[in-house]
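Welcome! Keep the sequence and the model in view as you go.

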Amino acid sequence: MGVTDPAGPVMDRDEVDRALARLGQEHEAIETSLLALQDHAGRRLLEGAELTGVTQERWTATEASITLLWTYFDAYTDALRTARDIRSRRRWSSREDLVELTELLRGESVTVADSAGAVAHASTLHGTGRLSHRFTLAALVDRMNELYASSLDVVVAADAVWSALPARIDLLAAELQRTRQLAHSVGVRPGEHPSGDDLEGITRTLTALRARVISDPLAFWVPAQGSSAPGGGRPDTTVYDREARALEDVRREIDAVLTVRQDAEKRLVHLRDVLSRADRTLAEARTARGEVLAKIAATEVPVVSGPPTALQEQLATAAEYRRQGQWHRLSPLLESLEEKAEDELLRARESLTAVTAPLAVRAELRGRLDAYKAKVARHGLAEDPFLVERYDAARRMLWSAPCDLRVAEQAVLRYQQAAAEQLGTPRVPGQGGPQDGHGSHSGHGGHEGRGEQTP
C-alpha cells in the first residue's frame with residue numbers, strides 16, 4: 001500500500017513495537033476499569049432493584065452500553081492479539097508484515113457486530129442503529145471511554161444516592177418514632193393537636209420518600225454544574241431537609257409541653273398568687289373609695305370594678321387540665337392566663353391609685369401648709385396674728401370632713417401669700433385659682449390618710 005492508503009505511511013518496526021506497547025497498556029487499563037465496573041456495588045444494586053422512573057430508563061440504556069463495552073473490548077482484544085501474532089512471526093518483520101500491521105494498527109480494521117438489543121437501547125450513544133461498525137483501534141478506545149464514562153456516571157450517581165439518603169431517612173424515621181411516643185405520652189395526638197397531625201404528615205412523607213429513593217435514585221441526583229467527570233454531583237436532599245426541619249419544630253413544641261408538665265404546679269401557684277393580689281388590691285380600692293367619699297367633698301371618684309370571674313374560671317380549667325394530664329391543652333392556656341393575670345394586677349393597682357388620688361392631694365396640701373408654718377417660725381413670725389389666722393383657717397379646712405379640696409387649696413395659697421409678704425419674698429404664684437402653680441391637684445403621690453385619728 002502506498003501513501004494514499006487510509007492507514008498512512010507504512011510503520012517501521014520501532015513504531016510498531018511502540019504502538020503495540022501502548023495498546024497493551026491501554027488494554028490492561030480498560031480491562032481493569034471494566035472489571036471494576038462489573039464489581040461495583042452500585043451496578044449490582046441496580047441489577048437487582050425494581051426500578052422506576054428516570055432510573056429505570058437510564059439503567060436500561062446503561063445495561064446496553066455495558067454490553068456494547070464488552071463487545072468492543074473483545075474486538076479490541078482480538079485485534080491486539082492478531083497484531084501481536086503478526087509481529088511475533090519473525091524477529092525482523094518483513095515489508096509485508098509491516099504493511100499488514102500498519103493497516104491493523106492505524107486503519108479501520110476492527111469490525112464490531114452489535115447485538116440488536118444493544119443497538120436498540122444504545123444507538124443514541126454511538127450514532128445510528130446499524131448492526132455493525134468499523135473502527136480504528138484509536139477510535140475504538142475513544143468509543144469505549146465514552147461508553148464507560150456514561151455508564152459509570154449512572155452507577156456512581158445511583159450508588160451515591162442509595163448510600164446517602166436511605167440511611168439518613170431511616171435515622172430520621174427512628175427519631176420520628178421516638179418523638180411520636182413522647183408526643184402520645186403528653187397527649188399530643190392526631191386530630192387533637194396540630195403537632196400530632198404534623199407527625200402523621202411527616203411519617204407519610206418519609207415513607208413515600210424512602211420508597212421512591214429506593215426505586216428511582218437518579219430522580220434525587222443533582223449533577224454538578226460544568227463537571228464532566230463520572231458521578232459529578234450530589235444527592236438532592238430537599239424533601240428530607242424539609243421534613244427534618246418540620247420534625248425539629250414538632251420536637252420543640254413537645255419540649256414546651258414537657259416543660260409545662262414539669263412546671264405546671266409552680267406556674268398555677270404563681271397564677272393564684274397574682275390573681276389573689278389583684279383581688280386584694282381591688283378590695284383595698286373599694287374600701288379607699290368609701291373613705292374618699294366620706295372625707296373629700298365635691299370630688300369625682302372612679303368606680304372600682306369587681307374581680308374578674310372569667311379568669312378564675314379559666315384558672316379552674318387549667319387546674320383540671322393538670323389533674324387529667326392534658327398538657328397540650330394546659331400549655332397555651334397557662335401562657336394566656338399568665339399574661340392576663342399580670343394585666344389584671346396592673347389594672348387593680350391603677351384603680352387604687354386613681355381612687356386614692358384626692359387623699360394624696362389633701363396630704364400634699366397639709367404638707368405644704370406645715371412647711372410654710374415652719375419657715376415662718378424660723379424667721380420669728382410664728383405668733384404673728386394675721387399669719388396665725390390664715391394658718392388656722394387653712395388647717396380647719398384641711399382637717400375637716402368632708403374636705404373641699406378647691407376651697408382648702410385657696411386657703412393654703414392665701415397663707416403662703418401672707419407669709420411671703422411678711423418675709424419680703426415675691427408673691428406666691430397661683431393665688432388667683434387652684435390651677436396656678438402648686439394649686440394643681442391632678443392626682444399624684446401615694447395613698448395617705450386612711451387610719452388617721454382625725455378626718
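## Exercise 1: a feature from the record

Find the span that UniProt, in an unreviewed entry, labels "coiled-coil region", residues 247–281, and work out what secondary structure it has.

Solution. Begin with the label: UniProt positions are given in the numbering used here, feature names are shortened, and annotations may be inferred rather than shown by experiment. This is a predicted model, in which local features need pLDDT of at least 70 and side-chain atom pairs count only at pLDDT 80 or more, while totals for chains, interfaces and linings use all residues. Residues are numbered from 1 along each chain as its sequence is written, and side-chain values use heavy atoms, with hydrogens and water left out. Next, look at the span: residues 247–281 are 100% helix and 0% strand, and the end C-alpha atoms lie 46 Å apart. Helices (H or I, at least four residues) and strands (E, at least two) are DSSP runs, numbered from the N terminus.

## Exercise 2: two helices side by side

Determine how helix α7 (residues 194–215) and helix α8 (residues 238–295) are arranged.

Solution. Step one: their axes come within 10 Å and cross at roughly 155 degrees. Axes are lines fitted to C-alpha atoms, for helices over the stretch in contact, and angles run from 0 to 180 degrees between N-to-C directions. Step two: α7 is therefore roughly antiparallel to α8 (an angle over 145 degrees). Step three: list the partners. From α7 come S195, D198, L199, I202, T205, L206 and L209, and they meet V239, Y240, R242, E243, A246, L247, V250 and E253 of α8 (contact means heavy atoms within 4.5 Å).

## Exercise 3: another pair

Describe the packing of α11 (residues 385–398) and α12 (residues 405–423).

Solution. First, the angle is about 160 degrees and the axes are 8 Å apart. So α11 and α12 also run roughly antiparallel to each other. Then look at the contact, where the α11 residues include F386, L387 and Y391, and those of α12 include V407, A408 and Y415.

## Exercise 4: one histidine

Is H27 buried or exposed, given its relative accessible area?

Solution. Locate H27 in helix α1 (residues 13–39). H27 has a relative accessible area of 14%, so it is buried (under 20%). Leaving aside neighbours within four places in sequence, H27 is in contact with F73, Y76, T77 and L80.

## Exercise 5: the whole chain

How many helices and strands does the protein chain have?

Solution. Count twelve helices and six strands. Of the 455 residues, 40% are buried.

Definitions and conventions. Angles under 35 degrees count as roughly parallel, over 145 as roughly antiparallel, 65 to 115 as roughly perpendicular and the rest as oblique. Buried means under 20% relative accessible area, exposed over 50%, partly exposed in between (1.4 Å probe, protein chains only).
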